[in-house]
Amino acid sequence: MVRFQIHPVQRSTSASVDVEAEVIDERTVRSSGGQEQLRPVIETAITVGEESWPIELTLTCRDQMGFRLLLGRQALRGRALVDSATSFQTGRNPRHTQARHRASSEPSSEEE
């Protein structure tokens, strides 16, 4: 078993969720800089649009990275195609849309 925290809000460490999962394997992963790291592997479910399926994830701290989770080819194989020219093909997250709408409808300091 492994216990870890995730930060679900991109570019913020203020919110965190405690998680516990069974370690199903350990794998050596080589970073883009060529460094090798032995990482625990867990199985979890991913949801894209209305579909969910199990995937394997290797765990490492990505708080300083641009993206907290990278999905590999194996996670998407046979289930999804990536079109790098588009975004939000399954719709925006309602929480983000609502927060963005509230922020844009609030008066700015210049308007007060």
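This report describes the sheet, the nonpolar core and the surroundings of one histidine in a predicted model.

## Basis of the model

Local features require pLDDT of at least 70 and side-chain atom pairs pLDDT 80 or more, whereas totals for chains, interfaces and linings use all residues. Numbering starts from 1 along each chain as its sequence is written, and side-chain values use heavy atoms, without hydrogens and water.

## Sheet

An open antiparallel sheet is formed by three strands in the order S3-S4-S5. Strands are DSSP E runs of at least two residues, helices are H or I runs of at least four, and both are numbered from the N terminus; two strands pair if DSSP finds at least two bridges between them.

S3 and S4 are joined by six bridges; Val29 has Gln37 in S4 as its bridge partner.

## Nonpolar core

The largest nonpolar core has eleven residues, among them Val2, Phe4, Trp53 and Leu76. Such a core is a set of buried Ala, Val, Leu, Ile, Met, Phe, Trp, Tyr and Cys residues joined through side-chain atoms within 4.5 Å. Strands S1 (2-6), S4 (36-48) and S5 (51-58) and helix H1 (73-76) each supply at least two residues of this core, and S5 gives the most, with three.

## His7

His7 lies in the loop between S1 and strand S2 (17-21). His7 counts as buried because its relative accessibility is 15%, buried meaning under 20% relative accessible area with a 1.4 Å probe and protein chains only. A polar atom of the His7 side chain lies 3.1 Å from the backbone oxygen of Ala15.

Methods:
Buried < 20%, exposed > 50% of the residue type's maximum accessible area, 1.4 Å probe, protein only. Polar contact = N/O pair within 3.5 Å; in protein donor to acceptor, adjacent residues only side chain to side chain.
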